[in-house]
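Open the model in your viewer and keep the selection tool at hand. Each stop says what to select and what is there.

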Amino acid sequence: RLSRGEWAEALEEQLTETVRLHLMSDVPVGAWLSAGLDSSAVVALMSRVGQRKIPTVTLAFEHSDFDEIRSQKLLYDFPGYDLDAHEVTCTADHIALLPKALWHAEDPLPTGIDIARMLLAGASAERVKVILTGEGSDELFGGYDYFQVDKALRPFSRLPRWFRHLAGAAVAKRHPRASRVHVGPREMRMDRYTRLTAPLNTESGMNVLSAEVRQLLAASQARSDDDLRLPDAFESWDPLSQFQYYEMKIRLPDRIELSLDRASMAHSVEARVPFLDHALVEFCARIPPSLRMRGLREKHVLREAMRRVLPREIAERGKRGLVAPVRHWLRAPLPDFAADLLSDVEVRRKGYFDPAAFARLRARFDRGDPDFDRALMSVLMVQLWDELFIQRGRQ
């Protein structure tokens, strides 16, 4: 029964207390700071509760189209925040860290984010042993773009299936995620969730697999709704809350927090996530969906709560996810290990990929087709994963 302003005020109070509790430590505590709302909110509240000379580490990229800090003000550019700010720049040469990053991550993900996290963790370890991060906010307040896609397309899901197929085909090229969701079910189950959250342009990577691997994948049991125990009242929940439940049970623990934990612990750094404090999560679950996401505006109530804490420019700033410049890395001269693993000889020897299909993929990549950057990175990661975890185990 609270008003919009009262919810925002209560969230500000709850988040401030959460940050205060997460600062309890016998060693100095720092934070990862980006240009975004979430980490900025955490750092600003660290300053509000009395921490001085807060050590912050910010990631920059040498490629301007992936860098978010050269064209935007960060919290340390505004007066009133006592920060000891440091930056670490990720360059094309850092692809040499891929074996170390994959060794700690253990999963061959094609995004390259593990390299960036390793750089952040390494730079943090030189200054502190505990860092606070902004992870978890997107799941609490509908921060990812596919929350917007789900909400925008829901009214169309009542249309006849044949019409949705036609509409999906019509927008497939310009809006592939929308096209994929258009032809899916209305109910929030694993099928719709996967259509919304699965990476785009995965087909080019799947098509290069060998026949044997394809058969093994087809025979394996895909994750289904039977793997996820839904609450008894799930059917009565609003669509946003249903979507958030899937996010918190699948991507958050299996991808987001797993990657954060492994990268930070590789440098013996403890990463703390105030947004995932149980008391805060329980509080946010009570906030009306219309305030968590107002229209298509994500994190509405969080932005309202941070108006007195953050500069308006940051409080109103839209989300820009952390994306690694994989295409630049792969088009630069590759380290010897990467060039060797992507050679026709090694692709044929390991047997995960069809040599002819890989040759076509490589040709498309060499011609500059952006749809094949991640596919080639996927090949490299699987080849490297085999080298690190399979071949070494046989020695």
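**Before you start**

This is a predicted model: local features need pLDDT of at least 70, side-chain atom pairs count only at pLDDT 80 or more, and totals for chains, interfaces and linings use all residues. Numbering runs from 1 along each chain as its sequence is written, and side-chain values use heavy atoms, without hydrogens or water.

**Stop 1: a helix pair**

Select residues 4–22, helix H1, and residues 37–48, helix H2. Helices here are DSSP runs of H or I, at least four residues; strands are runs of E, at least two; both are numbered from the N terminus. The axes of H1 and H2 come within 9 Å and cross at roughly 75°. Axes are lines fitted to C-alpha atoms, for helices over the stretch in contact, and angles run from 0 to 180 degrees between N-to-C directions. H1 and H2 are therefore roughly perpendicular (65 to 115 degrees).

Now show side chains. H1 brings Glu 12, Leu 15, Thr 16 and Val 19 to the contact, and H2 brings Val 42, Leu 45, Met 46 and Arg 48. Contact means heavy atoms within 4.5 Å. By class, the residues are five nonpolar, one polar and two charged. Nonpolar covers Ala, Val, Leu, Ile, Met, Phe, Trp, Tyr, Cys and Pro; charged covers Asp, Glu, Lys and Arg; the others, Gly among them, are polar.

**Stop 2: Asp 65**

Go to the loop between strand S2 (54–61) and strand S3 (83–90) and pick Asp 65. Asp 65 counts as partly exposed because its relative accessibility is 41% (buried is under 20%, exposed over 50%, partly exposed in between, with a 1.4 Å probe and protein chains only). Leaving aside neighbours within four places in sequence, Asp 65 contacts Arg 320, Arg 327 and His 328.

**Stop 3: the largest cavity**

Select Leu 98, Ala 101, Leu 102, Ala 105, Asp 107, Leu 109, Gly 112, Ile 113, Asp 114, Met 377 and Met 381, the lining of the largest cavity. On a 1 Å grid over the protein atoms alone, a cavity is a set of points where a 1.4 Å probe fits but cannot get out; a pocket is an open set with protein on both sides within 12 Å along at least five of seven lines; lining residues have an atom within 4 Å of a point. H3 supplies the largest share of this lining, four residues.

**Stop 4: the second largest pocket**

Which helix gives the most to the lining of the second largest pocket? Select H12, which gives five residues.

Notes
Angles under 35 degrees count as roughly parallel, over 145 as roughly antiparallel, 65 to 115 as roughly perpendicular and the rest as oblique.
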